[in-house]
Amino acid sequence: MAPPNEYESYATVLVEPQSVDPDLVTAGIVGTDLNRRLHLMAAQILSRPRLSRVIDDLGLYEEESKYLTRDEIISILRSKIDVNPVMPELEQGRRVRNDSEIDRFQIRFHDDSATVARDLAQRLANDFIEQHIDSRVRVSQKSVEFIDEELSRLGDQIRAVETEMARIKAENAGRLPDDLAANRGGVERLLATVTAIRREVAEARSDEAFFRSQSATARELMRSAGGDRNDSPHARIRLLELQLTDHTSRGLTHKHPDMISVKKELALLQEQVEGESEEDSASGSFAEHSAAAEAERARNRRIAAESEIVRTEERIAEIQVLLAEIPRVAEQLDGLEREYTHLFKSYQDFSNRRLEATVQADLERRQLGEQFRVLENAFEATEPSSPNRLLIVAVGFLFGIAMGFGVGLVLEVADTSVHTARQLQTRIGAPVLGEIPQIWLESDRLGQRRVRLVTAAGTLGVIVFTLAGGYANYWWVNGSSRAQESVVEVEEVPREKAPAEAGEE
């Protein structure tokens with residue numbers, strides 16, 4: 001009778017599936033095993049700050065707080081809370097399968113006050129619902145924030161790759177893979193131009209040689225006709241110029257000995273004829289002068305064509321250098337292009353995921369996803385759930401009988417006194433000649449009767465004392481709190497009915 005009554009109350013929470021068609025909107029939070037989620041949520045709900053707030057809100061353990069720390073009180077409160085899944089009614093009594101889906105759970109709490117047990121069980125059920133909603137909304141929002149951060153990071157990387165590609169293209173103008181065909185076409189055109197110019201050079205050399213020979217022929221004819229101008233300085237200058245042209249056409253450089261001797265002699269003769277009159281210097285036949293002029297024009301064309309060949313070959317060399325650099329630039333651009341393609345695909349994928357995450361977050365904010373709903377509110381127990389006093393009395397009765405037999409057996413075994421003649425003969429090892437029976441006087445019978453009365457009275461007193469003490473202890477432990485609860489309930493009824501009655505009036 002000494003242990004206080006413990007009243008148990010529980011609230012049943014139902015796990016409702018998503019209210020929107022899953023084919024239209026997929027939940028952003030995968031529904032994991034209910035047991036695992038209950039463990040996670042129970043760890044958060046039964047944390048020290050939450051339970052401490054519950055103790056303060058409901059005013060629990062005020063007396064215990066005077067001599068116990070808050071951690072010890074929270075430990076006591078935790079030990080009275082149980083969160084257990086509940087098998088569906090159709091599955092109860094059957095063999096539990098591994099794939100059985102559990103869609104409800106109970107939050108139980110036992111306390112020496114039925115009201116406290118009811119209020120706390122309901123409070124914990126509401127906390128589970130709030131925690132479930134808050135966790136789903138928070139997870140969906142975190143998903144959106146994570147995707148936004150990834151999109152920002154991918155956008156920065158894409159812009160960095162684009163900037164790098166633009167820099168490489170700006171620094172390698174003409175070396176880009178797109179310029180390969182143009183450069184090759186330019187080289188082919190320049191090579192064709194060089195071939196055509198070489199033909200012009202050959203024609204110019206041929207014309208120059210031809211007109212040089214015509215001029216020499218005209219000079220020979222003139223010398224054979226006059227004879228006196230064959231050794232003139234002017235004729236010698238023309239002859240040296242023909243030799244210089246011939247040496248040049250053969251590819252002799254200005255450092256060749258023949259070229260050096262011809263140039264020296266030509267310089268001396270030109271100094272001799274500087275003082276002569278224009279008429280003397282212009283003497284000679286028309287055919288000779290005409291051929292010399294044509295030869296000079298052919299020479300100029302040849303020189304111009306050779307210069308053009310040099311410039312064209314330099315341009316070809318420059319383009320070939322660009323062609324040689326194209327593979328290196330192409331390799332850099334290919335690497336950047338692959339990275340850009342990968343980043344762009346990732347960006348598109350995360351963009352699509354963001355749309356889904358936004359819809360899922362809106363689904364959770366509007367509480368259209370998986371929800372916890374209180375299926376059965378916590379009730380106030382009318383009878384205590386523990387302790388089982390009938391079981392305690394039965395066990396105590398059986399233990400008392402067993403203890404009585406045990407004590408009697410021990411006393412019998414420990415008793416060494418002699419009660420019969422046979423025991424005496426066995427003890428002393430001598431024959432017993434006779435025994436005197438016990439003689440009961442009236443005084444002996446009165447004394448025995450008095451002892452029995454005292455024993456019966458003592459036993460009855462112990463029984464009465466035990467029953468009265470047990471009832472007093474029970475009333476002392478449980479009666480005052482129950483009376484207080486009944487008074488509170490009586491006082492609360494009018495308050496609850498007052499608004500309704502006022503509204504009806």
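This briefing describes the sheet, the nonpolar cores, the aromatic pairs and a few single residues of one predicted model. Because the model is predicted, local features are given at pLDDT of at least 70 and side-chain atom pairs count only at pLDDT 80 or more, while totals for chains, interfaces and linings use all residues. Residues are numbered from 1 along each chain as its sequence is written, and side-chain values use heavy atoms, with hydrogens and water left out. Helices (H or I, at least four residues) and strands (E, at least two residues) are DSSP runs numbered from the N terminus.

**The sheet**

- Four strands form an open sheet in the order E2-E3-E1-E4, with antiparallel pairing, where two strands count as paired if DSSP finds at least two bridges between them.
- Strand E2 (81-85) and strand E4 stand at the edges with a single partner strand each, so one side of each has no neighbour in the sheet.
- From one strand to the next, the twist averages 25°, an angle taken between N-to-C directions on a scale from 0 to 180 degrees, with axes fitted as lines to C-alpha atoms and, for helices, over the stretch in contact.
- Strands E1 and E3 are joined in the antiparallel sense by 8 bridges, and one of the pairings sets Ser-9 against its bridge partner Phe-109 in E3.
- Strands E1 and E4 also run antiparallel, joined by 5 bridges; Val-13 stands opposite Val-374 in E4, and Val-15 stands opposite Phe-372 in E4.
- Helix H4 packs on this sheet, touching E1, E2, E3 and E4, and its direction makes about 145° with that of E3; contact here means heavy atoms within 4.5 Å.
- Strand E1 is largely enclosed by the rest of the structure, because 7 of its 10 residues are buried, a word that stands for under 20% relative accessible area, with exposed meaning over 50% and partly exposed lying in between (1.4 Å probe, protein chains only).

**The nonpolar cores**

- The largest nonpolar core has 30 residues, of which Leu-77, Phe-105, Phe-109 and Phe-128 touch the most other members; such a core is a set of buried Ala, Val, Leu, Ile, Met, Phe, Trp, Tyr and Cys residues joined through side-chain atoms within 4.5 Å.
- At least two residues of this core come from each of strand E1 (7-16), helix H1 (34-45), helix H2 (48-58), helix H3 (70-79), strand E3 (104-111), helix H4 (114-171) and strand E4 (371-376).
- Helix H4 gives the most to this core, with 7 residues.
- A second, separate core holds 16 residues, among them Ile-147, Leu-151, Met-165 and Val-329.

- Phe-128 lies in helix H4 and is buried, with a relative accessible area of 1%.
- Not counting residues up to four places away in sequence, Phe-128 touches Leu-38, Met-41, Ala-42, Ile-45, Val-83, Phe-105, Ile-107 and Phe-372.
- The C-alpha atoms of Phe-128 and Ile-107 are separated by 9.3 Å, and the two residues are 21 residues apart along the chain.
- Asn-183, in helix H5 (residues 180-226), counts as buried at 11% relative accessibility.
- Leaving out residues up to four places away in sequence, the contacts of Asn-183 are Gly-174, Ile-319, Leu-322, Leu-323 and Ile-326.

**Aromatic rings**

- The count comes to 2 aromatic pairs, under a rule by which rings of Phe, Tyr and Trp (its six-membered ring) pair if their centres lie within 6.5 Å, with planes under 30 degrees apart called stacked, over 60 edge-to-face and the rest tilted.
- Tyr-10 and Phe-379 form an edge-to-face pair, at 5.2 Å centre to centre and 90° between the planes.
- This pair links distant parts of the chain, 369 residues apart, with Tyr-10 in strand E1 and Phe-379 in the loop between E4 and helix H10 (389-414).
- Tyr-10 is partly exposed at 21% relative accessibility, and Phe-379 is partly exposed at 36%.
- The ring centres of Tyr-340 and Phe-344 are 6.1 Å apart and their planes lie at 15°, so this pair is stacked.
- Both Tyr-340 and Phe-344 belong to helix H9 (residues 286-365), 4 residues apart, about one turn of the helix.
- The charged end of Arg-108 sits over the ring of Tyr-10, 4.4 Å from its centre, which is judged by NZ of Lys or CZ of Arg being within 6 Å of the ring centre and within 35 degrees of the ring normal.

**An open helix**

- Just after H11, Gly-429 takes a positive phi of about 70°.
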